[in-house]
Amino acid sequence: MKYAILIVLVLLGVGLASLIASNRSVAFSAPSVGQTAPDFTLPSQDSSPVSLKDFRGHWVVLYFYPKDNTHGCTIEAHNFQRDIAQYQAANAVVLGVSVDSSGSHQDFCAKQGLTFKLLADTDKTVSREYGSVTNLMVTKIAARNTFLIDPQGKITKVWMGVEVNHHSEEVLAAIKPQA
């Protein structure tokens with residue numbers, strides 16, 4: 001009996017480990033550099049609709065992040081907010097996307113002093129289109145990816161699996177030579 005329980009526990013452990021390893025990223029490919037960025041319309045933190053096409057003529061920093069009010073996402077958002085004047089000077093807008101609700105985004109913006117748009121992709125459609133859905137055990141969240149879109153609507157740079165601490169500076173460096 002003792003060995004049967006041990007075998008079951010080992011099999012469960014191996015099964016869980018392989019599930020986590022194999023399902024970390026959902027198999028949707030991200031658009032590539034040079035492609036036209038897929039258009040979308042999503043509600044912002046104030047529930048107003050925001051469409052990518054509304055920003056033609058501007059650089060767009062489209063960043064996907066896992067969850068409002070979590071450590072890494074807060075650092076990333078603070079860094080974009082800290083640099084917002086530099087983005088504006090470069091004719092760029094910052095749009096954050098997660099699968100959280102507009103209400104969650106509204107609370108996050110209020111708590112963290114964020115002034116740029118956070119978009120609610122609750123059905124994960126846009127996150128899938130941008131290859132930015134990942135599994136977290138039994139739930140799907142947005143992966144930490146960023147797409148730099150030029151004023152004509154073409155993707156000029158893609159960052160997958162972003163490191164939050166210096167990401168805003170990386171994005172600004174990619175915009176400035178071209179702006």
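**Notes on a predicted model**

1. Met-137 counts as exposed, with a relative accessibility of 52%, where exposed means over 50% relative accessible area, buried under 20% and partly exposed in between, for a 1.4 Å probe and protein chains only. This is a predicted model, in which local features need pLDDT of at least 70 and side-chain atom pairs count only at pLDDT 80 or more, while totals for chains, interfaces and linings use all residues. Residues are numbered from 1 along each chain as its sequence is written, and side-chain values use heavy atoms, with hydrogens and water left out.

2. Met-137 lies in the loop between strand S6 (133–136) and strand S7 (139–142); helices (H or I, at least four residues) and strands (E, at least two) are DSSP runs, numbered from the N terminus.

3. Which residues of helix H4 (residues 102–112) are buried? They are Ser-102, His-105, Phe-108 and Cys-109, and because they cover an arc of only 120 degrees around the axis, they are on the same side of H4; the arc is that of the directions from the helix axis to the C-beta atoms. In general, an α-helix has 3.6 residues a turn, so residues three or four places apart point the same way.

4. The buried residues of H4 pack against strand S1 (41–43), helix H2 (71–82), strand S4 (92–98) and strand S5 (117–120), where contact means heavy atoms within 4.5 Å. The face of H4 turned away from its buried side carries the exposed residues Asp-107, Ala-110 and Lys-111, and just after H4, Gly-113 takes a positive phi of about 70 degrees.

5. Thr-146, which is placed in strand S8 (residues 146–149), is buried, because its relative accessible area is 0%. Not counting residues up to four places away in sequence, Thr-146 touches several residues, among them Val-61, Tyr-63, Trp-159 and His-167. The side chains of Thr-146 and His-167 are also joined by a polar contact of 2.7 Å, that is, a pair of N or O atoms within 3.5 Å, of which, within protein, one must be able to donate a hydrogen and the other to accept it, and residues adjacent in sequence count only if both atoms are side-chain atoms.

6. Glu-169, in helix H6 (residues 167–175), counts as partly exposed, with 34% relative accessibility. Although Glu-169 and Asp-83 are 86 residues apart along the chain, their C-alpha atoms are separated by 8.2 Å, and a polar contact of 3.1 Å joins the side chains of Glu-169 and Arg-82.
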